[in-house]
Amino acid sequence: MLRPLIIGLLVIALAGCGARGGTENDGGDSAAAVPKQDLGTLKNVCGPGEPKPSGAQGVTDSEIKVGVFTDMGFSKKPEMVDAAKVFTEWCNAAGGIDGRKIVPVTRDARLMEVRQRMTEACKSDFVLAGGSAGLDGQGVETRLTCMLPEFPAQSSQAQARGADLQVMANGAALGYNDYAGFYSWLINEKYPSSKSDVGVIAGDSPVTKVMIGQHTETVAGVGGKVTYTGLYPVRGVSDWTPFAQAMKDKKVKGLVFLGQLDHLAKLVQSLTSIGHKLDWIDTTNNAYGPQFIQLAGAALKSQPSYADISGMHPLEKAAANPATQQLVTMFKQYAPDAEVNLPVLRSFSAWLLFAKAAGACDELTRACVLENAKKETEWTAGGLRAPLDLSDPASPPKCWNAVHATPDGWEPADFGANSGAYRCEDVSHKYTGEYPSPLTLKDVGKTMADLK
């Protein structure tokens, strides 16, 4: 079982962490009367001001240095860097965080260099925000030792997700599987004939090996059965036919895919080529974007493919949701050639959480920002997503939603939404197996009293 995050809010209540409301400050100066920038329903995210001096690392009178983790050098996917560019340029154009400009610093882990990048971040960054790394568990001990808070877009490894000094703007759901409602819908409602013939295939890495166990347990927990498990080299293979044939031989009807979207696109094409039609494929939500559609092409006609986008409002319905439409417009202005996908949405949620928490600090300290972020019990990122309770990392997800991949693009699936764009108060699955636990400050000989 995963153990809960040690919170210790009483210890965080340090001098210099006073909160203030609205756009006002103690001095009543003219900058306070200038409207701040909003995103959706989230008010006063960024704007001008006269910040009080701060002795925090990475903070000057005019700047805040924030580290952004990415695996861009390995995955060739710049979404975390793109999101950081768009958010910070938008925020800084409005005046930054009370007059301090945000300076994003790219920490490219290239999959295998997490510790090295974390060591560098520990020496100069105020916090980490809006990023992710596939092997993020490798950097947690270093991060906690140097008392570096983080607000990641997403987290992969069990040692990292829900670790101390972390607030996940898209929910840690510590000890729960995010996709229980999704799998229950697929095997019990949409495709009940697939219930006893589910396969799981993953890239051969420490991350996905743990995830295979968690997803297999969850499928069983909602009434299904995994009858095929496969591992492939993490960098992919030249011919996916043997994997497709193995699934055909096992009569797999539903497939959970844990890996890169370009690998899945090739597998989908191989399955189609040998004439094995699946009832459904869980693409995993990193495939949610135009690239997977382009790569998989016509094969999507015969291989129904879905993604659980975990309570994020679908991009295809952006016009119906002011926050999502605003984000799309921001990308057109600041990064017109960048792809807007689910990792981007998650990154924006994390950046918004950091900015709101930092803006509510009188004196900008790590302790204050972390404490303010943990006060969010109905976090929606201004309407980008369904509400989440960020005060407790062990809070299970309450809402989910799914999209369907077609040759013409993604579209919302007919998954039984009961709360606007989402299905809420549905199925949940708490893990019963033993998996690696997230690291705590105690593991590195630290306490919350060490956070300044």
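**Close-up views of the predicted model**

Tyr-288 and Trp-410 are both buried, where buried means under 20% relative accessible area, exposed over 50% and partly exposed in between, with a 1.4 Å probe and protein chains only. The model is predicted, so local features need pLDDT of at least 70 and side-chain atom pairs count only at pLDDT 80 or more, while totals for chains, interfaces and linings use all residues. Residues are numbered from 1 along each chain as its sequence is written, and side-chain values use heavy atoms, with hydrogens and water left out.

**View 1. Aromatic pairs, including Phe-151 with Phe-354 and Tyr-288 with Trp-410.** Rings of Phe, Tyr and Trp (its six-membered ring) pair if their centres lie within 6.5 Å, with planes under 30 degrees apart counted as stacked, over 60 as edge-to-face and the rest as tilted. Under this rule there are 22 aromatic pairs. In one of them, the ring centres of Phe-151 and Phe-354 are 6.1 Å apart and the planes stand at 45 degrees, so the pair is tilted. Because Phe-151 lies in strand E6 (residues 150–151) and Phe-354 in helix H12 (residues 342–359), the pair ties together parts that are 203 residues apart in sequence; helices (H or I, at least four residues) and strands (E, at least two) are DSSP runs, numbered from the N terminus. Phe-151 is buried, at a relative accessible area of 0%, and Phe-354 likewise counts as buried at 0% relative accessibility. For Tyr-288 and Trp-410 the ring centres are 5.5 Å apart and the planes are at 80 degrees, so this pair is edge-to-face. The pair links distant parts of the chain, 122 residues apart, with Tyr-288 in the loop between strand E10 (280–282) and helix H10 (290–296) and Trp-410 in strand E14 (residues 409–412).

**View 2. An aromatic cluster and helix H6 (180–190).** One aromatic cluster is formed by Tyr-179, Phe-182, Tyr-183, Trp-185, Tyr-191, Trp-280, Tyr-306, Trp-400 and Phe-415. Helix H6 is mostly covered, since 8 of its 11 residues are buried. These buried residues of H6 are Ala-180, Gly-181, Phe-182, Tyr-183, Ser-184, Trp-185, Leu-186 and Ile-187.

**View 3. The packing of helix H3 (residues 79–93) on helix H12.** H3 and H12 pack at an angle of about 45 degrees, with their axes 9 Å apart, which makes H3 oblique to H12. H3 passes H12 in a right-handed crossing, and the contact between the two helices is made by Glu-79, Met-80, Ala-83, Ala-84, Val-86, Phe-87 and Thr-88 of H3 together with Pro-343, Val-344, Ser-347, Phe-348, Trp-351, Leu-352 and Ala-355 of H12. The residues of this contact of H3 with H12 divide into 11 nonpolar, 2 polar and 1 charged. Axes are lines fitted to C-alpha atoms, for helices over the stretch in contact, and angles run from 0 to 180 degrees between N-to-C directions. Angles under 35 degrees count as roughly parallel, over 145 as roughly antiparallel, 65 to 115 as roughly perpendicular and the rest as oblique. A crossing is right-handed if the near helix is turned clockwise from the far one by less than a right angle, and left-handed if anticlockwise. Contact means heavy atoms within 4.5 Å; Ala, Val, Leu, Ile, Met, Phe, Trp, Tyr, Cys and Pro count as nonpolar, Asp, Glu, Lys and Arg as charged, and the others, Gly among them, as polar.

**View 4. Positive phi at Arg-110 and at Met-147.** Arg-110, although not a glycine, has a positive phi of about 50 degrees. Arg-110 belongs to the loop between strand E4 (101–108) and helix H4 (114–124), where it is partly exposed, with a relative accessible area of 42%. Met-147, also a residue other than glycine, has a positive phi near 60 degrees. Met-147 sits in the loop between helix H5 (140–145) and E6 and counts as buried at 6% relative accessibility.

**View 5. The surroundings of Gln-157 and Val-219.** Gln-157, in the loop between E6 and helix H6, counts as buried at 9% relative accessibility. Residues up to four places away in sequence not being counted, Gln-157 touches Gly-134, Leu-135, Asp-136, Gly-137, Gln-138, Pro-206 and Val-207. Val-219 lies in helix H7 (residues 206–221) and is buried, with a relative accessible area of 1%. With its neighbours within four places in sequence left aside, Val-219 is in contact with Tyr-183, Ile-187, Val-198, Gly-224, Lys-225 and Val-226. From C-alpha to C-alpha, Val-219 and Ser-428 are 11 Å apart in space, although 209 residues apart in sequence.
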